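Hello! Here is the structure I promised to pass on to you. Have a look at it first, and then read my notes below with it open beside you.

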Amino acid sequence: MNIAPSVPPKASDFRSQLKPVWCPGCGDYHVLLSVTKALAELGVEPENVAMISGIGCSSRIPAYLNTYGFHGVHGRALPLGTGLKVARPELTVLVAGGDGDGFSIGGNHFLHACRRNIDITYIVMDNQVYGMTKGQPSPTTAPDWDSALSPGGTGVRPFHPLVIALASGANFVARAFSGDIKGTTETLVEAVRHPGFSFVEVLSPCVTFRPEQREWKSAVHAAPVDPTTDPARAARRIMTDDGFNIGVLYRGTRDAYSLSRSESGDGVAQFEEAFAI
Amino acid sequence: MSSNQLSRTSVSIALTGSGGAGVMTAGGLLLEAAGKSQCYGLQTRSVGPQIRGGESAALLRLADFPVENHSDAFDILLALDWNNFSRFSGEIPLHDDAVVITDPAGGAVPDDIAETARNIIEVPVKQIADEVPGGRVNMVALGLLAGAAGLPQAHLADLIADKLGAKGAQAVEAGTACVQVGYDHSAILEGAFRLSPQVLDDSRQRWLLTGNEAAGLGAIRAGVRFAAAYPITPATEILEWLAPALAKSGGTLVQAEDELASINMIIGASYGGVPALTATSGPGLALMTESIGLATAAEVPIVVIDVMRGGPSTGMPTKSEQSDLNIAVYGLHGDAPHLVAAPISLTDCLFTTQWAVHLAEAMQAPAIVLSDQFLGQARMIVDRPADVAFMANRSRAEPRQTDFARYALTADGVSPMSVPGMTGGQYTADGLEHAITGTPSSRAQDHVAQLNKRQSKIEEFDYGNHWAEIDGEGDFVILTWGSTAAPVREAASRARAQGIHVKTIAVRLLAPLKIEALLRELDGARRVLVIEQNDTGQFYRYLRSQCDLPSDTRAIHHPGPLPVRPGEIHGEIMKEHRL
């Protein structure tokens with residue numbers, strides 16, 4: 001049985017019936033909307049898309065989509081998505097999560113997913129806080145942010161995901177702002193189309209534990225110059241910007257991880273033959 | 001003298017030397033020569049902590065009948081030198097009448113050997129090798145030991161030509177000459193250790209392989225087409241064997257950044273519908289346990305082979321021990337039913353891995369295969385294992401338009417599974433407890449329903465008679481598992497040759513334990529020995545936690561690296577028999 005829809009899916013066709021657990025005003029609602037719009041724009045069928053995540057507020061996103069989804073354990077979304085994409089290269093595989101999931105517990109996988117350069121898109125909804133556990137500092141939190149777990153602040157310099165992605169070999173690096181639905185959608189479309197590992201950091205305010213992030217909407221601005229294919233130039237620009245530059249910042253030209261495979265046709269006999277005395 | 005029960009002969013040989021002496025190469029060639037000479041046998045190695053080179057011991061048992069384990073003690077110890085011999089001397093017990101062959105150029109015989117060994121023979125191995133242009137001591141040793149076992153010279157010449165051919169005609173000439181001189185020197189042993197192989201008919205195909213290779217073959221046979229790999233001793237060879245084998249089979253292997261990644265990669269691949277496996281050892285298994293629980297909850301079939309080594313922590317990476325039973329059975333958080341199976345011989349690494357893939361796929365659950373360093377890394381000449389039909393055969397959902405319930409409650413607890421790409425099968429696999437649709441739920445009734453579903457599919461599956469291998473009859477029973485099963489079988493056959501009835505039960509399926517079947521087999525048992533290789537009797541305690549064993553049950557166990565030897569078990573049988 002092959003049920004082919006007569007019209008291409010609309011953005012709303014990518015949305016499941018499930019009501020998100022997110023707080024009112026959470027930036028992740030807008031990211032969800034942008035993802036559905038991007039998928040519609042890409043012209044893919046929901047059953048050929050998989051959204052893979054770990055644990056955290058934003059990692060709840062797969063269930064809110066009408067695609068295939070996997071809500072795994074904390075920090076391991078990238079290896080889950082890697083295994084799926086390598087096993088099933090024809091699928092569109094998106095991986096999503098938050099800054100704690102991706103850069104703290106999952107930090108090592110982030111580095112190696114960038115350098116492995118498999119053709120998947122990684123969306124990190126960065127709100128600089130652990131929201132699900134009610135307000136602890138994450139790797140992208142400023143050092144002086146006061147919290148119950150780290151009174152007076154961690155005193156630790158924040159992690160710079162975009163520079164690290166670039167240095168580790170990600171083939172596409174972009175920053176988006178959840179409130180900019182049009183821009184985020186366009187960036188996601190381009191990220192999925194770009195070969196290799198695409199990393200999109202979406203600034204997505206946590207209005208509950210970081211109410212000051214409501215101001216992000218007036219802080220963000222379009223990246224003033226075109227994206228470069230030169231990682232050194234991209235790094236310099238990202239290192240020196242104000243953190244609110246949004247748009248595509250780097251388009252790499254590395255070959256994606258090869259997913260080709262072949263079957264020699266000899267079956268198991270060829271292996272058994274090698275053992276025979 | 002060599003063990004001679006049932007008119008069958010085996011000779012146990014230890015060849016030791018410093019780094020660069022090439023004892024492992026010589027041992028490997030000796031085993032191959034035995035294979036070509038219609039003999040059986042196995043080789044293991046004992047090495048120091050060095051990465052490469054350094055002192056090492058090639059430990060062999062050659063026999064004119066199938067052998068699956070080392071014997072009680074060694075008949076021949078050939079020491080090319082005695083440097084650091086104490087590092088592994090404990091693993092080389094000598095028979096009272098063993099022959100110790102020493103090279104005067106290799107230093108003085110250690111006091112403990114000099115005081116106890118009755119037959120110490122000096123052979124100037126180095127001098128002999130030096131007299132041959134380009135000659136090497138290990139080739140002299142090879143000739144000497146092959147001669148001692150009575151292996152025909154023609155097979156040695158073929159092997160030398162085959163193995164050294166790439167190094168040029170001179171290397172072949174030198175190797176052949178050294179082997180010849182060594183062979184001639186074996187006359188000093190007066191034929192005491194000669195094997196008498198039967199002529200095997202052509203239909204009796206034999207293989208030479210390691211348990212790690214056998215496990216890899218079992219995975220490929222069952223249909224595994226994805227593996228994720230993080231290197232760890234002593235499991236790496238499974239992954240290295242699978243890398244080209246998967247490539248030739250239309251599959252893929254990805255080297256992961258750590259075990260947390262490798263376990264999740266195989267879960268991702270299997271979620272995509274491709275049977276997937278990884279191999280590791282204790283430390284890696286410990287890292288993987290959180291995600292094995294995810295595979296349980298999300299009902300994604302995966303297979304993890306744990307090639308056990310001495311623990312805890314980094315422990316003894318190159319030494320065998322059966323001490324991961326507890327973590328394999330109990331290591332997951334929550335109530336997390338899963339499968340644990342242990343191969344009971346080297347060739348059974350093939351069967352058990354193939355079976356484990358089949359079980360995992362049939363029940364959409366994780367399966368842990370508990371191999372160990374001995375099974376994994378020993379090289380053995382075996383009769384070709386029988387073909388078995390176990391394949392990955394997952395219950396697949398049909399394409400549909402609405403209302404797919406991924407975790408629907410079914411009679412057998414197994415719900416048809418959709419895979420990405422299938423129309424209408426979309427769902428979110430989740431480690432969160434869920435309703436039948438996969439939607440997260442913390443409702444009591446959903447939790448109970450899904451717990452029961454996951455438990456019942458594993459409890460009620462028909463495992464046939466593969467849960468254990470049972471030999472013999474009688475009210476005296478030995479229960480064992482894993483690599484200890486082979487010496488148990490040998491000890492039991494020695495006892496039977498003395499007219500003592502012994503029944504052996506080697507349990508292959510550790511979880512779920514088939515309690516009713518086990519109790520049926522124990523019905524009427526008066527005395528039971530539970531034998532394993534770990535410090536705390538993990539299997540014994542596990543059995544006791546699951547069922548009531550006969551009151552006269554005794555636990556016999558010791559940790560690695562010393563193997564459980566057949567003579568030790570035979571001694572226990574005799575002790576019980578006299579009671």
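B:Gly41 has B:Ile381 in β14(B) as its bridge partner. This belongs to the pairing of strand β2 (residues 40-47) of chain B with strand β14 (residues 379-383) of chain B, which is antiparallel and has three bridges. Two terms here: helices (H or I, at least four residues) and strands (E, at least two) are DSSP runs numbered from the N terminus, and two strands pair if DSSP finds at least two bridges between them. As background, strands of a sheet pair through backbone hydrogen bonds, either parallel or antiparallel.

Before you go further, please note that this is a predicted model, in which local features need pLDDT of at least 70 and side-chain atom pairs count only at pLDDT 80 or more, while totals for chains, interfaces and linings use all residues. Residues are numbered from 1 along each chain as its sequence is written, and chains are lettered from A and ligands numbered from 1 in the order in which they are written.

**The eight-stranded sheet of chain B**

The pair I started with sits in an open sheet of eight strands with mixed pairing, ordered β6-β5-β4-β1-β3-β2-β14-β7 (chain B). At its edges are β6 (119-122) and β7 (206-210) of chain B, each of which pairs on one side only. From one strand to the next, the twist averages 20 degrees. (Axes are lines fitted to C-alpha atoms, for helices over the stretch in contact, and angles run from 0 to 180 degrees between N-to-C directions.)

Which strands does helix α1 of chain B lie across? Helix α1 (residues 23-36) lies across β1 (10-17), β2, β3 (56-63), β7 and β14 of chain B, and runs at about 10 degrees to β3(B). Being in contact means that the C-beta atoms of two residues, placed from the backbone, lie within 7 Å. Helix α4(B) lies across β1, β3 and β4 (74-79) of chain B, at about 160 degrees to β4(B).

α4 (residues 137-149) of chain B also meets another helix: its axis and that of α6 (residues 169-185) of chain B come within 6 Å and cross at roughly 40 degrees. That makes α4(B) oblique to α6(B), because angles under 35 degrees count as roughly parallel, over 145 as roughly antiparallel, 65 to 115 as roughly perpendicular and the rest as oblique. The crossing of α4(B) and α6(B) is right-handed; a crossing is right-handed if the near helix is turned clockwise from the far one by less than a right angle, and left-handed if anticlockwise. Among the residues that meet are B:Met139 and B:Leu142 in α4(B) and B:Cys178 and B:Tyr183 in α6(B). By class, this contact has 10 nonpolar, six polar and no charged residues. (Ala, Val, Leu, Ile, Met, Phe, Trp, Tyr, Cys and Pro count as nonpolar, Asp, Glu, Lys and Arg as charged, and the others, Gly among them, as polar.)

**The five-stranded sheet of chain B**

Another open sheet, also of mixed pairing, has five strands in the order β16-β18-β17-β20-β21 (chain B). β16 (468-471) and β21 (553-557) of chain B each have a single partner strand, so one side of each is left without a neighbour in the sheet. Inside the sheet, β17 (residues 476-481) and β20 (residues 527-532) of chain B pair in the parallel sense over five bridges, and B:Phe476 has B:Arg527 in β20(B) as its bridge partner.

Two helices, α17 (residues 538-546) and α18 of chain B, lie across β17, β20 and β21 of chain B. α17(B) runs at about 130 degrees to β20(B), and α18(B) at about 165 degrees.

α18 (residues 566-578) of chain B packs with α15 (residues 485-497) of chain B at an angle of about 50 degrees, with the axes 8 Å apart. α15(B) is therefore oblique to α18(B). Their contact includes B:Val488 and B:Ala491 of α15(B) and B:Ile569 and B:Ile573 of α18(B).

**Where the chains meet**

How many residues of chain B are in contact with chain A? There are 53, and they touch 42 residues of chain A. Helix α9 (residues 259-271) of chain B gives the largest share of the chain B side, nine residues.

Enjoy exploring it!
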